[in-house]
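I opened the notebook to look up a few places in one structure. The entries follow in the order I made them.

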Amino acid sequence: MTLSGKVALITGASRGIGRSIAVELARRGADVAIIGRDGSALDGTAGLCAGARAGATAHPIVADVTDRAAVDAAVNEVLERFGRVDAAVANAGQSVDSLLVRLKEDVLERLLASNLKSAFYLCTAVAKPMMKQRGGAIVLVSSIVGLTGNAGQSIYAATKAGLLGLCKSAAKELGSRNIRVNAVAPGLIETAMTEKMPETLREMLVKQAALGRAGRPEDVSGVVAFLCSDASAYITGQTIVVDGGVVM
């Protein structure tokens, strides 16, 4: 499964799952544009991409993906730099736990912007050049919480569920132009964000997984690479769960 000759754009690529996706796509032959807010962290991702494959190009772009104009500018920069965009991965997002009865307006707006609006902005920005190319792949990074819900995560779950609706609708809109839109729904993945979880909760989640372990970012990035490649040329509008066997 190769991505040689393809240009891929990844948001939220500063660390964690996004960084792993960028490195995996670069390793498989793609030139990658990596987008995030932290310039020094993006430089770190770019270095890992360069080390993953000789000759790999990783182009960092510092941008706030909750700003539509910034996303449009980032995609235009990718087009100017590479001439095309073959794959786009909407990975940017945040997690804030909050009981429904303690809903805070600022948290609601922040998660809607970072988790859901940013994905809409990316899809609309890359759809136009992909339509001209008559081909492309878009991958939205959701969560199993978007499928199952979870007490104390109503806002987060709602935004991640929204991505699944966006995935199906965009797939139907763009399919006639050979643009595929799919989603991945990770479970518990070992990242800096999940390290903050209480140990008792981590142990409970690991026990729920049929494989009996937490996932690694590489478990997700391999699936994303597949969805960006021609190996998945007849797959669109689907959600692939990457959770070690929690949701069945």
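**Entry on S154.** I began with the contacts of S154: leaving aside neighbours within four places in sequence, S154 touches S98 and L100. The model I am reading is a predicted one. I found S154 in helix α6. Is S154 buried or partly exposed? I noted a relative accessible area of 28%, so S154 is partly exposed. I also looked up S154 and L103, which are 51 residues apart in sequence and 9.2 Å apart in space, C-alpha to C-alpha.

**Entry on helix α6.** Helix α6 covers residues 154-174, which is 21 residues. From its first C-alpha to its last, α6 reaches 30 Å, close to the 30 Å expected at 1.5 Å a residue. I listed buried residues of α6, among them I155, Y156, L163, L164, C167 and L174. What do the buried residues of α6 pack against? I wrote down α4, β5 (136-141), α5 (145-148), β6 (179-186) and β7 (239-242).

**Entry on cysteines.** I looked for disulfides and the structure holds 0. A disulfide would need the two sulfur atoms within 2.5 Å.

**Entry on α3 and α4.** Two packed helices are described by the angle between their axes and the distance between the axes. I looked up both values for helix α3 (residues 68-82) and helix α4 (residues 105-133): the angle is about 35° and the axes are 9 Å apart. The crossing of α3 past α4 is right-handed. On the α3 side, the contact is made by R68, V71, D72, V75 and L79. On the α4 side, I noted Y121, L122, T124, A125, V126 and P129. Sorted by class, this contact has 8 nonpolar residues, 1 polar residue and 2 charged residues.

**Entry on T45.** Which residues does T45 contact, leaving aside its neighbours within four places in sequence? I noted A13, S14, R19, A22, V23 and I34.

Terms used
Residues are numbered from 1 along each chain as its sequence is written. This is a predicted model: local features need pLDDT of at least 70, side-chain atom pairs count only at pLDDT 80 or more; totals for chains, interfaces and linings use all residues. Side-chain values use heavy atoms; hydrogens and water are left out. Contact means heavy atoms within 4.5 Å. Axes are lines fitted to C-alpha atoms, for helices over the stretch in contact, and angles run from 0 to 180 degrees between N-to-C directions. Helices (H or I, at least four residues) and strands (E, at least two) are DSSP runs, numbered from the N terminus. A crossing is left-handed if the near helix is turned anticlockwise from the far one by less than a right angle, and right-handed if clockwise. Ala, Val, Leu, Ile, Met, Phe, Trp, Tyr, Cys and Pro count as nonpolar, Asp, Glu, Lys and Arg as charged, and the others, Gly among them, as polar. The expected span of a helix is 1.5 Å times one less than its number of residues. Buried means under 20% relative accessible area, exposed over 50%, partly exposed in between (1.4 Å probe, protein chains only).
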